[in-house]
Amino acid sequence: MTHECSVLLPRVCAALADPRQPGTDDTCLEKLLDWFELLTKCDPTVELLQDNPCLTEFITSILALPEPSPSILSFTLRLAGILAASENRFQHLQQEQLLARLFGRDGPLSSALWKDASVRSGWVNGVHNMMHHQPALHLICRAGGIDVIFMLQGDPSLFVASAASQLLVDMLTLSAETEATKPLSTQDCEWPACAQMILKHIEDSLRSGSASLIEQSLKLLTSLFGSCHAPWTGVLWAGVAKQIEAFLTEETVQAQHMLATLLLKMAWSPVFSDTESHFWTLVTSALEHLTPVQAGPLAVGLLKFCKCPQAVRIQALTVLLQPMDCILRAASQPLEYAGLLDESVSDPITVEGLLSSKSSCATLLCQTLAHLEELLSRSRFQVDLPYSALLRSLITILQFCNGFLSPASPLGSKISRLLINSFRVQSSALDVLAALSDRKGCDTLIGSLFDVLLAYLESPNTSPTVLKKTFQATFKWLVCLQELSSSNSQWQQTEILKDVFLVLQKRLYSPCWEVRDSSLEFLTDLIKCLRDQDEFRQSLLSSEVPRLTENLLEDPEGYVRASAVTAVGHLAFITCFTPESPVTGSQYNKENTVAKLQEILSTDPESFPRRAVISIFTKWLKHGCTGQLEDTGQFVSRVIQTAERDSDWEVRRGGLQLVQDFCSETFRQLGCPECPDDPVSSAVTSSIHENESLRIFCQAKLFSFLFRSLCDCDKALGQEACDTLLSLSTTFYPLGTPIELDGTVDLPAGHSVAWLQRTLRPGSLAQNFPTDGVNGVDFEDPETMMLALGTIDLVELHDELNKSSDHVEKSPQSLLQDILATVGTVEENEADCY
């Protein structure tokens with residue numbers, strides 16, 4: 001603890017304990033507790049209390065108050081727990097009899113303040129804070145605190161109840177691992193006293209028949225098995241396994257919904273990973289007896305677990321696919337296609353009943369589809385799914401939802417009526433459809449698949465959200481279709497693309513801005529992936545889509561204009577930047593496109609379109625679409641002069657990125673590496689008077705932009721600009737900056753290297769940016785800029801910029817001062833006005 005804090009702390013403690021004070025902000029108290037926690041971890045000795053007696057005096061004075069404020073009492077309880085986390089300090093506080101008065105029967109437990117949730121929370125957290133050693137455990141058990149914790153498990157405050165449950169887990173772990181004299185067995189007498197009390201409470205609660213008590217114990221066990229993998233947890237489980245297994249079949253006990261989470265936590269524990277253990281028999285029983293909605297999360301969790309026995313994995317997969325199998329079988333009668341499953345885990349009538357009910361049909365399907373999408377989207381889950389049959393079932397669901405399928409079976413008819421226009425199910429099915437696009441064996445259904453996707457794209461009943469997902473799925477499958485090499489697939493792709501662009505033309509006219517926006521995003525994705533394909537380019541350019549896209553640059557909605565900018569920018573790779581552009585006429589002239597986007601960058605009232613422009617310009621530069629270095633320099637110069645005046649920090653950040661990429665491209669073309677392998681030869685080629693890259697940078701006004709960015713109100717921009725200058729300095733001075741450069745350059749009269757160093761610092765620049773070449777810094781003069789890069793201490797400048805503006809204000813000393821200011825100061829001889 002610093003001397004300043006040691007001086008301030010007694011005043012803070014006195015102010016907090018003074019009942020005449022109005023109190024302090026809870027945020028300040030939280031920060032103070034965080035500081036104490038960090039301080040006690042760094043210094044676990046008792047000297048912390050002995051050197052700062054104000055801490056024990058503060059606790060004593062709070063206990064002496066007839067009715068302290070709940071927030072201060074809660075703070076005191078938590079502070080005492082933090083201090084007592086060290087056994088040495090615990091003993092010191094015990095000698096003062098403070099801990100028993102705070103956490104025992106005669107403390108806040110018996111006062112009217114206990115009704116306040118913040119006091120109960122402070123008590124639980126205080127106990128939790130000191131639960132690092134046996135003496136703390138014994139104190140709570142002897143003082144009857146463990147019964148209080150049992151009671152707080154059912155507290156009306158969820159924060160208190162959750163903290164109490166976690167506290168019991170930690171107490172049980174501490175007791176079992178520090179107090180047991182030999183390996184634990186199922187005999188009660190061999191468990192330490194505190195552990196026995198908690199185990200008896202768990203067992204009694206599980207047998208009580210009370211839904212709330214059973215739920216509390218299941219939560220406690222779930223947390224325990226999730227956090228502790230010690231062998232004794234297997235001994236504990238042996239004592240409660242039969243009771244928990246009974247919950248699967250007892251219809252009177254509504255605890256089944258918690259069993260899936262409990263079993264999953266146990267599955268990931270090495271204690272239960274033995275494939276021959278009874279635990280997996282219980283898992284199998286759970287998959288059979290839990291409802292499909294309850295068993296779904298358990299099934300997908302088991303499929304993620306690589307050590308799950310193969311028989312259990314097959315059963316879990318069957319549970320997951322059963323609703324999809326039911327959908328496929330209900331679509332036609334008699335069954336036209338094979339289903340997904342040969343046999344079921346649970347009674348198929350149960351799944352059919354859920355899919356026939358309005359209250360559960362969409363819920364079950366959405367849950368199943370979400371689990372399937374998760375498995376398909378993560379390559380590390382090696383699950384062998386029947387992809388073709390799964391795709392057919394997805395197509396069937398989507399046909400049910402838009403009314404394009406009239407099944408003959410009674411079950412199918414009922415399901416189709418329930419799913420009509422269900423956007424939740426549509427969205428979930430489209431997510432799985434997109435994830436399924438890169439799986440093999442689905443190409444035989446391409447025609448049926450695109451029939452459904454095009455129907456959704458064309459339908460006026462498709463909601464904007466579902467339409468966006470339809471676009472995403474269509475894009476994924478078009479890319480998949482491109483990878484098929486057969487002549488039939490190429491013909492299919494050409495025909496499908498024609499239909500897609502016809503639909504897209506209509507959607508770009510939509511009165512709904514979300515639809516126009518999604519359509520532009522879809523077009524951009526297509527161009528990114530398929531622009532090198534002749535069939536794609538011809539289909540796109542023979543449609544009205546390019547013209548409509550350019551028209552949307554003037555859309556009234558800013559988000560749409562931004563998406564149009566991005567689409568036009570990528571469209572330019574086809575219309576403007578190809579060696580032999582298939583498009584003629586001034587409409588797609590490169591200069592016209594650049595001018596339109598520069599106008600948006602200069603004049604658009606919203607930031608999103610301007611950000612999109614700067615991003616597109618950067619992409620063009622990276623792809624070499626901006627011409628020779630001289631032309632590119634002029635282009636960059638115009639852009640950054642506009643960007644540096646922009647009010648949006650992301651636009652200015654984009655300008656900085658453009659500068660960095662331009663520098664890299666310039667060095668690449670001139671053969672001057674940014675990080676030279678041979679600094680000696682590089683030093684020769686980078687002479688002060690003959691450096692071509694420096695001349696280009698000065699002409700492009702890069703240095704004016706970079707030095708101005710040092711003063712940006714956004715700290716990150718200033719730091720990035722300084723990084724760029726540091727990189728340039730390293731490139732131009734590969735051997736390190738010389739000691740004397742003052743004589744090499746003619747600076748204005750009265751100016752010197754010291755003047756240059758003082759001038760080109762953020763503080764000086766911000767006050768009066770020097771642009772006059774006579775009385776200020778000439779940022780377009782290569783010699784002056786070379787001198788600046790060689791003499792300014794950019795490393796020191798970088799460190800200065802990296803200092804947060806509030807690094808002083810966030811110090812512990814400042815925090816204590818803030819608390820004093822919050823509670824106010826009371827003069828020692830202030831008269832009582834009453």
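View A. C663 is buried, with a relative accessible area of 3%, whereas C713 is exposed, at 73%. Buried stands for under 20% relative accessible area, exposed for over 50%, and partly exposed for values in between (1.4 Å probe, protein chains only).

**View B. The largest nonpolar core.** This core has 272 residues, and W123, L302 and F703 have the most contacts inside it. Helix 18 (residues 310-330) gives the most to this core, with 11 residues. A nonpolar core is a set of buried Ala, Val, Leu, Ile, Met, Phe, Trp, Tyr and Cys residues joined through side-chain atoms within 4.5 Å. Helices are DSSP runs (H or I, at least four residues), numbered from the N terminus.

**View C. Surroundings of F703.** Leaving aside residues up to four places away in sequence, F703 touches L694, F697, C698, L725, L728, F779, M785 and L789. Contact means heavy atoms within 4.5 Å.

**View D. Helix 34 and helix 37.** The axes of helix 34 (residues 649-670) and helix 37 (residues 702-709) come within 11 Å and cross at roughly 135°. R652, G655, L656, V659, F662 and C663 in helix 34 meet L702, F705 and L706 in helix 37.

**Notes.** Residues are numbered from 1 along each chain as its sequence is written, and side-chain values use heavy atoms, without hydrogens and water. In this predicted model, local features need pLDDT of at least 70 and side-chain atom pairs count only at pLDDT 80 or more, while totals for chains, interfaces and linings use all residues.

Technical notes
Helix = DSSP H or I, 4+ residues; strand = E, 2+ residues; numbered from the N terminus. Axes fitted to C-alpha atoms, helices over the stretch in contact; angles between N-to-C directions.
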